[in-house]
Amino acid sequence: MANKLDAMREGGEILGRILAELRGYVQVGMNEKDIDKWVEGKILGYGAEVAYYEEEPNFPGAICISVNDELIHGVPEDNVLEDGDKVSFDLSIKYQGYYVDSAFTMIIGKGGPALKHLLSCTENALYEGIKQVKAGVALGDIGAAVEAVLEKGKLGIIRNYVGHGIGERIHMPPDIPNFGRRGEGYVLSAGETICIEPMASLGKADTVVGKDGWTVFLKDGSIGAHFEHTILVTEEGCEILTKA
């Protein structure tokens with residue numbers, strides 16, 4: 001098996017490239033299942049493996065596609081993306097025995113100011129959380145930083161879905177909440193790999209799982225956003241492994 005950090009760096013570069021290409025590829029009128037097949041082709045073309053086929057064998061897709069009031073874990077369906085739709089893409093791949101995970105949210109076509117605020121604020125929260133990361137930092141510092149940005153933006157903060165450790169599996173300890181108190185919780189060590197992933201809504205934060213058993217909806221029907229990176233903890237700070 002390959003060296004963990006080398007594999008995750010290479011895998012992260014591949015994943016970042018796929019998501020950057022996806023952002024430029026998606027447009028009004030595209031079908032979710034067609035996008036899913038395109039993503040699968042990209043993963044295999046870059047010499048990686050579709051992570052969900054191994055880790056989540058019952059998930060019917062290579063990527064999670066969550067539209068409008070679908071917050072996360074959206075199953076690719078025969079739905080056509082329309083102008084003004086919010087869509088979140090959450091992708092994990094396996095490369096040389098190790099997993100990396102990343103997500104972003106975009107607007108299809110044109111979007112209004114509230115939607116743009118949601119996306120901008122949630123992405124800013126991700127990077128404020130990342131700024132806290134280094135060896136010796138408590139997870140409460142990350143959560144508090146994310147929470148402060150989302151609260152200032154007057155957004156609903158999703159509390160029942162969190163970030164996580166990653167490496168040999170997609171989801172590993174520790175859990176990394178998007179809220180917290182500074183100085184509290186698990187303390188990070190150099191060499192650990194984690195995922196920070198703020199999720200927020202324009203309305204309330206309550207969620208419900210759909211009939212497919214996967215797709216997580218916002219209970220009040222509001223719009224949600226989701227951003228995520230895989231991070232390597234270092235003595236001086238961190239390295240974003242999935243940045244394009």
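These are my notebook entries on a few things I looked up in this structure.

**Ground rules.** I am reading a predicted model, where local features need pLDDT of at least 70, side-chain atom pairs count only at pLDDT 80 or more, and totals for chains, interfaces and linings use all residues. Residues are numbered from 1 along each chain as its sequence is written, and side-chain values use heavy atoms, with hydrogens and water left out.

**Entry 1: the cores.** I began with nonpolar cores, meaning sets of buried Ala, Val, Leu, Ile, Met, Phe, Trp, Tyr and Cys residues joined through side-chain atoms within 4.5 Å. Buried is under 20% relative accessible area, exposed is over 50%, and partly exposed is in between (1.4 Å probe, protein chains only). Which residues touch the most other members of the largest core? They are Leu22, Ile35, Ile43, Phe89 and Leu91, in a core of 66 residues. Another core lies apart from it, with six residues, including Leu71 and Met199.

Entry 2: Helices (H or I, at least four residues) and strands (E, at least two) are DSSP runs, numbered from the N terminus. Strands pair if DSSP finds at least two bridges between them. I found three strands in an open, antiparallel sheet, ordered E6-E10-E13. E6 (156-157) and E13 (224-226) are the edge strands, each pairing on one side only. Two bridges join E6 to E10 (residues 199-201), and Ile157 stands opposite Ala200 in E10.

**Entry 3: helix H4.** H4 (residues 113-131) lies across E10 and E13, at about 30 degrees to E13. Axes here are lines fitted to C-alpha atoms, for helices over the stretch in contact, with angles from 0 to 180 degrees between N-to-C directions. H4 also packs with H5 (residues 139-152) at about 155 degrees, their axes 8 Å apart.

**Entry 4: Ala144.** Not counting residues up to four places away in sequence, Ala144 touches Phe179, Gly180 and Arg182. I also checked Gly84, which is 60 residues from Ala144 in sequence and 32 Å away in space, C-alpha to C-alpha.

Conventions. Contact means heavy atoms within 4.5 Å.
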